[in-house]
Protein chains: 2
Amino acid sequence: MISSPLPSWNDTPRKRAILDFVAAVTDEQNPNHVPPQDRIATFDNDGTLWCEKPGYIQLFFAIARLKEMATADPNLQKRSAYKAAVEGNMAYFASLYPDNVKGLIEIIYDTHAGMSQDEFEQQAQEFLSTARHPRYEVPFQELTYQPMKELVDYLHEHDFKVFIASAGGMSFVRTVSEEIYNIPRERVIGSNITFETVMTEGGPLLMRQPGLVEPLDDGVGKPVNIELHIGRKPILAFGNANGDLHMLWLAETNHFLSLSLLLHHDDSDREYAYDQGCEKVMELARDRDWQVVSMKADFKTIFYFEE
Amino acid sequence: MISSPLPSWNDTPRKRAILDFVAAVTDEQNPNHVPPQDRIATFDNDGTLWCEKPGYIQLFFAIARLKEMATADPNLQKRSAYKAAVEGNMAYFASLYPDNVKGLIEIIYDTHAGMSQDEFEQQAQEFLSTARHPRYEVPFQELTYQPMKELVDYLHEHDFKVFIASAGGMSFVRTVSEEIYNIPRERVIGSNITFETVMTEGGPLLMRQPGLVEPLDDGVGKPVNIELHIGRKPILAFGNANGDLHMLWLAETNHFLSLSLLLHHDDSDREYAYDQGCEKVMELARDRDWQVVSMKADFKTIFYFEE
């Protein structure tokens with residue numbers, strides 16, 4: 001017996017739109033058939049593949065790192081970000097954007113730079129597998145949406161190449177992408193701080209340095225980074241926020257049938273309900289007839305631990 | 001009957017080193033076994049996968065474009081680069097590096113920027129499939145080395161992920177990489193001019209703008225771009241020039257058995273013989289016991305059209 005696809009999705013028009021799209025582009029007899037090399041899918045990460053509330057997971061990571069550093073060297077607590085981290089003062093961090101971007105970037109540099117790439121990846125992996133989400137109390141890397149993981153698997157089974165295009169840190173997500181999404185590291189696109197090759201007696205060593213690689217992988221930067229990393233436009237794009245608007249529209253500009261999907265966070269019982277930061281893309285989704293997926297109506301299960 | 005692998009290679013210690021390496025890393029019983037996700041191979045392009053003499057193929061492309069533009073608009077011939085292109089004055093272009101880098105970058109911007117990504121790719125593909133090499137008189141895209149193509153195929157058959165890490169233009173190589181090497185576009189890394197997302201009524205449009213993406217994919221820039229695009233170190237790296245030195249050494253810094261190979265151009269009868277631009281990497285190859293592949297001794301056939 002073959003199990004029916006996407007079991008954590010309710011049988012709604014959105015699920016049927018996905019199944020119909022995949023059926024069309026993979027059927028060689030269909031005029032909308034797309035050859036496998038062009039079956040590119042791009043997914044945003046924060047709020048699309050995993051939970052982004054009550055704050056970005058990477059922000060929790062940065063705060064945990066600040067706290068560790070300030071515990072090891074109490075002198076650092078003279079600086080307000082370290083003090084707030086030690087005191088668990090989340091309001092301080094919430095207040096940084098957009099009023100103190102300089103302060104935010106300082107935190108990123110302090111916690112993401114000044115070390116080798118290997119050291120950073122160890123810290124990120126350790127955090128994601130052990131630190132726990134304040135509400136769900138499971139390790140952060142388990143906050144992936146079950147229906148979205150099923151969709152990624154379903155696309156893989158149909159010879160899609162599935163990429164993540166995250167506004168968050170590329171290296172941060174890569175440390176767990178194979179384990180939690182079955183998406184290989186080279187298919188994770190994201191924002192980056194600057195890398196530098198330092199020559200040592202043992203050969204080249206990759207160091208992370210203060211500085212951001214432009215453009216960040218958000219908004220107009222997503223099509224740019226998709227071109228740099230893939231060299232093809234997606235035929236399926238899935239996002240949840242204004243920063244995904246350009247990527248979702250990009251899928252419509254290729255020569256093939258395309259599907260643009262927007263995840264709407266409308267389930268405060270099982271997850272969170274919010275429209276802030278999604279206003280523009282919601283409006284465009286209505287104008288352009290994109291599929292707006294309701295977590296409340298379309299997701300039978302959101303997290304594995306509900307089951 | 002199974003054909004023997006790498007038929008265009010002579011049966012020399014270099015060929016045996018390659019076969020032994022692949023046998024070891026793919027054998028699950030071998031202590032040097034490498035899981036498929038870590039079987040990353042990186043190849044330089046100019047002078048490693050295709051011919052780079054009497055000049056880089058991309059330089060011939062730039063000159064052809066200058067000539068086309070100066071023919072359409074004779075006013076442009078007041079500028080020396082356009083005049084040299086119309087007159088076929090190759091010495092002018094040879095004199096630019098390293099004494100007139102500004103002039104060289106101007107040529108790159110004039111021929112590679114100020115248009116959409118789609119337009120550029122059409123121009124590059126048209127050139128590579130129709131313009132002919134001055135000595136061999138075949139379209140430039142046919143100047144691939146037969147033994148290297150066989151090696152790429154052989155690695156693919158053994159579940160390697162094969163990437164190109166070219167100092168040349170990423171988009172330029174991608175237009176033909178699938179056709180000539182069977183390497184998908186997303187596995188081509190190279191140097192880039194700046195991309196910009198321009199919003200139009202029809203959605204986002206990718207424009208190529210004057211400006212270079214740092215670091216260029218050469219020398220210390222290769223490990224950086226390999227990290228950005230792959231997120232893993234290669235276990236096999238193949239280059240031919242000083243700009244490949246850091247990439248070849250990078251392969252030795254991973255946790256696995258590795259193989260660094262250097263192609264030596266020593267066959268003036270069938271191809272070209274030169275050491276200029278390869279001095280440092282030849283010395284390091286000797287110091288570190290890398291495999292130096294001799295085109296004269298190790299390649300039974302160089303180009304398909306010899307056969």
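Is Phe305(B) buried, partly exposed or exposed? Phe305(B) is partly exposed, because its relative accessible area is 28%. Here buried means under 20% relative accessible area, exposed means over 50%, and partly exposed lies in between (1.4 Å probe, protein chains only).

The model is predicted, so local features need pLDDT of at least 70 and side-chain atom pairs count only at pLDDT 80 or more, while totals for chains, interfaces and linings use all residues. Residues are numbered from 1 along each chain as its sequence is written, chains are lettered from A and ligands numbered from 1 in the order in which they are written, and side-chain values use heavy atoms, without hydrogens and water.

Aromatic pairs were examined next. Rings of Phe, Tyr and Trp (its six-membered ring) pair if their centres lie within 6.5 Å; planes under 30 degrees apart are stacked, over 60 edge-to-face, and the rest tilted. Over all chains the count is 31 aromatic pairs. Trp50(A) and Phe172(A) form an edge-to-face pair, because their planes stand at 80 degrees, with the ring centres 6.5 Å apart. This pair links distant parts of the chain, 122 residues apart. Trp50(A) sits in the loop between strand S1 (40–43) and helix H2 (57–72) of chain A, and Phe172(A) in helix H8 (residues 170–181) of chain A. Helices (H or I, at least four residues) and strands (E, at least two) are DSSP runs, numbered from the N terminus. Both Trp50(A) and Phe172(A) are buried.

In chain B, Tyr136(B) and Phe305(B) form a tilted pair, 5.5 Å centre to centre with 45 degrees between the planes. Tyr136(B) lies in the loop between helix H6 (117–130) and helix H7 (146–157) of chain B, and Phe305(B) in the segment after helix H12 (295–298) of chain B. Tyr136(B) counts as buried, at 15% relative accessibility.

Charges also sit over rings: NZ of Lys or CZ of Arg must be within 6 Å of the ring centre and within 35 degrees of the ring normal. Lys53(B) lies over the face of Tyr274(B), 4.4 Å from the ring centre. Arg135(B) lies over the face of Tyr272(B), at 4.9 Å.

The two chains were then compared. Copies are superposed by least squares on the C-alpha atoms of residues with pLDDT of at least 70 in both. A rotation of 180 degrees, with 0.0 Å of shift along its axis, superposes chain B on chain A (RMSD 0.0 Å). That is the relation of a two-fold axis. Among the residues of chain B, His229(B) comes closest to the rotation axis, at 3.2 Å (C-alpha).
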